[in-house]
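Welcome! Please take a look at the sequence and the model shown here, and then read on for a short tour of the side chains.

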Amino acid sequence: MGRGRSEIKRIENPTQRQSTFYKRRDGLFKKARELAVLCDADLLLLLFSASGKLYHFLSPTVPNVKEFVERYEATTHTKVWTDIRQERRAELDKVGSMCDLLEKQLRFMTVDDGEQYTVPSLEVLEHNLEAAMRKVRSEKDRKIGGEITFLQNIIRGRQEERYGLCDKIAHAQTLKDVECGSTSLSNGLDLKLGFN
């Protein structure tokens with residue numbers, strides 16, 4: 001009697017799901033091994049379980065995963081992973097060019113006594129220094145404005161706190177006056193009625 005086809009859907013029972021995973025994983029690795037041996041195919045099989053555990057199969061003809069992935073990248077003209085050294089080298093080149101640019105700007109903004117400057121080059125230097133001063137002043141004004149706003153918010157908070165305390169004191173004083181007034185009123189009433 002043959003096995004019936006089962007509907008392919010997620011298995012709800014976790015124990016049964018894990019058991020099925022291990023059985024099918026072993027069957028998949030067996031088929032991969034057979035394909036690699038029978039057809040002399042280079043094969044890399046990566047499998048992550050639901051818990052994130054990695055299982056892999058690499059055919060005997062492939063020396064290592066890195067070489068296999070590099071072959072894949074060359075064939076498909078896509079990048080699977082990037083070399084960290086290349087990324088760092090590119091970042092260092094970018095920072096180096098930025099430093100060169102800043103040094104050039106700094107050299108341009110300083111005046112050497114031994115240099116002979118023309119009037120137009122001095123005007124350009126003056127214009128650049130004025131632009132830099134405007135930037136510095138605007139940043140300073142922005143920072144000062146931020147500090148002023150921060151301090152105003154603190155003052156506003158303290159004033160609200162003070163008003164709240166004053167309201168509580170006034171309310172307490174009113175309650176005290178009402179209590180004192182009712183006591184004196186009852187004493188006055190007692191006197192008039194002759195209960196003393």
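The sections below cover ground rules, aromatic rings, nonpolar groups and salt bridges.

## Before we start

This is a predicted model, so to speak of local features a pLDDT of at least 70 is needed, side-chain atom pairs count only at pLDDT 80 or more, and totals for chains, interfaces and linings use all residues. Residues are numbered from 1 along each chain as its sequence is written, and side-chain values use heavy atoms, with hydrogens and water left out.

## Aromatic rings that meet

A pair of aromatic rings is described by the distance of the centres and the angle of the planes. Here, rings of Phe, Tyr and Trp (its six-membered ring) pair if their centres lie within 6.5 Å; planes under 30 degrees apart count as stacked, over 60 as edge-to-face and the rest as tilted. How many aromatic pairs does the structure hold? There are two. In one, F21 and Y22 sit edge-to-face, 5.5 Å centre to centre with 65° between the planes. In the other, F21 and Y55 are tilted, with 5.9 Å between centres and 55° between planes. This second pair ties together parts that are 34 residues apart in sequence, because F21 lies in helix α1 (residues 14–39) and Y55 in strand β2 (residues 54–58). Helices (H or I, at least four residues) and strands (E, at least two) are DSSP runs, numbered from the N terminus.

Together, F21, Y22 and Y55 form one aromatic cluster. Y55 counts as buried at 13%, while F21 is partly exposed at 24% and Y22 is partly exposed at 32%. Y55 also has a charged neighbour: R25 lies over its face, 4.5 Å from the ring centre. The rule for a charge over a ring asks for NZ of Lys or CZ of Arg within 6 Å of the ring centre and within 35 degrees of the ring normal.

## A nonpolar core

Y55 turns up again in the largest nonpolar core, which has eight residues: F29, A32, A36, L43, L45, L47, Y55 and F57. A nonpolar core is a set of buried Ala, Val, Leu, Ile, Met, Phe, Trp, Tyr and Cys residues joined through side-chain atoms within 4.5 Å. Helix α1 and strands β1 (44–48) and β2 each supply at least two residues of this core, and α1 gives the largest share, three residues.

## Salt bridges

Side chains of opposite charge can pair when their charged atoms come close. A salt bridge is a side-chain nitrogen of Lys or Arg within 4 Å of a carboxyl oxygen of Asp or Glu, and the count comes to four. One of them joins R71 and D42, at 2.6 Å from N to O. R71 in helix α2 (residues 65–76) and D42 in the loop between α1 and β1 are 29 residues apart, so this pair links distant parts of the chain. R71 is partly exposed at 47% relative accessibility, as is D42 at 29%.

Another salt bridge joins E139 and R142, whose closest N and O atoms are 2.7 Å apart. These two are three residues apart in helix α4 (residues 119–193), so about one helical turn separates them. E139 is partly exposed at 36%, whereas R142 counts as exposed at 52%. E12 and R10 form a salt bridge too, with closest N and O atoms 3.6 Å apart, and both residues are exposed.

Key
Buried means under 20% relative accessible area, exposed over 50%, partly exposed in between (1.4 Å probe, protein chains only).
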